[in-house]
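User: Could you take a close look at one part of this model for me, the place where the two chains meet and what sits behind it? I'd like one connected walk-through.

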Amino acid sequence: MAAEPEMVVFEPSGRRVPADARASLLELARRAGVALASTCGGKGQCGKCRVQVSSGRALGPAAEDGLHLACQTRLDGGGVVTVPAASQLQQHQILATGHQTALELDPALRLHRLQVPPPDLAAVRADQERLLAELRRAEPEAAAEIDFPLPLLAALPSALAAEEGRVSLALSQGQRVRGLAPGWGSRCLGLAVDLGTTTVVAYLLDLESGQLLAVQAQMNPQVSWGEDVISRIGFCQGQPGGLALLQGQAVAGINQLAQACCAQAGADPVQIYECVLVGNTAMHHILLGLDPGGLARAPYAPVASQAQEVRAADLGLTLAPEASLYALPIKAGFVGADAVAAALAVGAQDADQPTLLLDLGTNGELVLAAPERLLCCSTAAGPAFEGGHISCGMRGAAGAVERVRLDPATLEPELSVIGGGPPLGLCGSGLVSAVAGLLAAGVLTPRGAFADDRRSPRLRQGAQGREFLLAPAGQAGGQDLVLTAKDVSELQLAKAAIQAGVSIMLAEMGLERVERVLLAGAFGNYLQPADAVRLGLLPGAQEAAIQGVGNAAGAGALKALASLGQRRLAEDIAQGMDYLELSAHPHFQDYFVESLSFPEPAV
Amino acid sequence: MAELEAIKQAVEKGRRKEVPGLVQAALDAGADPQEIINSYMIPAMKEVGARFEAKKIFVPEMMIAAKAMQAGLDVLRPVLEAKGGSQQKLGTVVVGTVFGDLHDIGKNLLVLMLESSGFKVINIGENVPPEKFLQAARDNQADVVGMSSLLTTGDPHVAATIQAIKESDLGGKVKVICGGAAVTEKFAVAQCGADGHAPDAVGAVRVIKNLLGLN
């Protein structure tokens, strides 16, 4: 019988890993799934990873207080390491563009570092048997029957041979082998993906430490087949093989992001064992190869709404071969897994006061949370919030005016440009702030018309009606940057769609107003609360109650990646939330027209 | 009568909340309900339409004005019915957005503009298959079928809808017109055989009137 390897035990969690004198205690803690604080990344500089070596022989100096820096200390053989509360990182703070979310760590799988003894002539046991025996020592709660995919079994002998029986085994929920790698240096990574109509964002998470390793974003490659959801659905329906083509594009995009995230983190996509997907219903369906056709005709029924779990490789994703993909549940044809994830991210189910969660885009997704009830709807705002259908409109990229400050007396505008160069166009938030400024200055009437009695060299007649000159060609990108009366009208249509949706939801809940407004998405992040109030976008909401929450859908996907409990919570949210179909609402048109005007200026 | 001029002004400016009271005041002062519509409200909407075509106002202001006029019509409708005989109608128009397309703003604006111009309008909604256009036209003895299409992917559905009507028992009896951002006059009229085409709601009202010999 080969000697059983010595173990290093981390207290107070009691988690244990085989001893490894070549690895730092920080590395061992990571292998054991113990979240140790470390901001310098193991360089011995930050002093956050201080631990007590309670038993065993420490290789490395102790500080005056007797504590060791885990990143600078190794242990010769087994022992007990106590992690003081100050060094524990139970709730990791992730910063998803401005919004901090506490990340609870309880992942779908764990990576076990095992020292598998060689076969013994006296009592020959199969490779698999010896491996599973070691696994049960490390993970006493492993199931009696462990599902071991044949391709991984096939790779077992070479994995065992490579590093003298040291292997890393990824086990999901105690019963299914998800991956096998030689040695103990492997990592256990997860990828959270927010598949948007326009942008795809991927987050690489270390499932052992809860550390966010990388964030990457790129355009959805499907954009070449149509800018909006309806035209993509049309393509899937109109072309033989259209769905497969668009699915392949989405998969390729995610594979590229996985590569980019891994490059950023010094990792490899084969170390990604788990992937969580959120997205609107159409993107969700196309990625899973489900026909989105039902979303294009009333009553907009999706193919499936429950959470889906599939083998990632079956979709064409090039992660670990046996990696799993979990897609969050969806609510309705136009309230997708992204809305469910955003609700999860902001804790909508625990709202103690009426809270509105708003994701503004071509299709606005609204969730109204109150104690005891969650209500959601979607409303077709059109592309104005993303700079579409605007004479000088553009997306929120370098060169876009993201904010306009207007002197109410002189009407001199001050433009904030993304990237700091000359202003090339107006993105959604720039459009909103320009209109808000012109309203406040009395240049625009509450009906959205340029006031007849205002005179300014910047106010003039253009080809599309009256317009306001924001920057002359010489200061802009070679042509005059203007805001036209038609642009204002496009914003009115977009605003009215959102405002009408909010008003109807409030009426449905019997509420007068919302106490808190959370603006999700890139546009929501840049939208100034004062401007939203000036436009009347959020009926009754106070400026102080409005805040941006960044990419809430992505943050929710991360939560669901880090924790099975959070997945169950997302499923409960989707199940328990009520859905309001605005297109079937008898008074939608009345609310809509009522909402076209801007509020009268305060006296 | 001062009230009548005030009604015209209030509709033009889209003051929806004021219109019903002004209409009631005019009725109380003895004004003829049909005259309120024909001589004040419809001219007000004509003025609004002209301002729209001159790019002085845009879709929101026109919708607001049309809603203001409807608020006035809501007051007048029971009065007209009590006098025996409903409002005179210029004709019946079935309006919908073609199959595969969920856009409704332009189509709904056309509904408002047609109603404001004195037509009876059957709004059959969005994402309407050809047979539903046909059925609605037959059931309502429509004079005109109007279809809206905002997506270029809607072209086959525009063609199929026109063909379904032209080849049915209604062919030659019902006029068919198309509009919306995706539809060109060349495609609708020359290729598909529509009777008319208009780029926007105000233009559509004029085209429909021309087709029915009302101008």
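Analyst: Let's begin where the chains touch: 18 residues of chain B are in contact with 21 residues of chain A. Keep in mind that this is a predicted model. On the chain B side, α4 and α5 each supply at least two of the touching residues. The largest share comes from α4(B), with six residues. Sorted by class, the side of chain B that touches chain A has nine nonpolar, five polar and four charged residues.

So how do those two helices sit against each other? Helix α4 of chain B covers residues 59–82 and helix α5 of chain B covers residues 105–116; they pack at an angle of about 40°, with their axes 10 Å apart. Angles under 35 degrees would count as roughly parallel, and α4(B) and α5(B) are therefore oblique to each other. Their crossing is left-handed. From α4(B), the residues that meet α5(B) are Val59(B), Met62(B), Met63(B), Ala66(B), Met69(B) and Gln70(B). Across from them, α5(B) puts in Ile105(B), Leu109(B), Leu112(B), Met113(B), Glu115(B) and Ser116(B). By class, that contact comes to nine nonpolar, two polar and one charged residues.

Now follow α5(B) to another partner, helix α9 of chain B (residues 201–211): the two axes come within 9 Å and cross at roughly 50°. That makes α5(B) oblique to α9(B) as well. This crossing is right-handed, whereas the one between α4(B) and α5(B) is left-handed. Here α5(B) uses Gly106(B), Leu109(B), Leu110(B), Met113(B) and Leu114(B), and they meet Ala201(B), Val202(B), Ala204(B) and Val205(B) in α9(B). By class, this contact has eight nonpolar, one polar and no charged residues. Look out for Leu109(B) and Met113(B): both are listed in the contact with α9(B) and in the contact with α4(B).

There's also a sheet to consider. Chain B has an open sheet of five strands in the order β2-β1-β3-β4-β5, with parallel pairing. Its edge strands are β2 (120–123) and β5 (196–198) of chain B, each pairing on one side only. From one strand to the next, the twist averages 25°. Within the sheet, strand β3 (residues 144–148) and strand β4 (residues 175–179) of chain B run parallel and are joined by five bridges. One pair to find in the view is Val144(B) with its bridge partner Lys175(B) in β4(B).

Where does α5(B) lie on this sheet? It goes across β1 (92–97), β2 and β3 of chain B, running at about 170° to β1(B). Helix α6 of chain B (residues 130–139) packs on the sheet too, touching β1, β2 and β3 of chain B, and its direction makes about 165° with that of β1(B).

Putting α5(B) together, then: this helix supplies residues to the side of chain B that touches chain A, packs with α4(B), crosses α9(B) and lies across three named strands, β1, β2 and β3 of chain B.

One last stop, over in chain A, is an open sheet of six strands, ordered β27-β26-β17-β18-β19-β28, with mixed pairing. The edge strands there are β27 (546–548) and β28 (578–579) of chain A. Strand β19 (residues 373–380) of chain A pairs with β28(A) in the parallel sense over two bridges, and Leu375(A) stands opposite Asp578(A) in β28(A).

Definitions and conventions
Residues numbered from 1 in each chain as written. Chains lettered and ligands numbered in written order. Predicted model: local features only at pLDDT ≥ 70, side-chain atom pairs only at ≥ 80, totals over all residues. Axes fitted to C-alpha atoms, helices over the stretch in contact; angles between N-to-C directions. Helix = DSSP H or I, 4+ residues; strand = E, 2+ residues; numbered from the N terminus. Parallel < 35°, antiparallel > 145°, perpendicular 65-115°, else oblique. Left-handed = near helix turned anticlockwise from the far one by under 90°. Contact = placed C-beta atoms within 7 Å. Nonpolar A, V, L, I, M, F, W, Y, C, P; charged D, E, K, R; others polar. Pairing = 2+ DSSP bridges.
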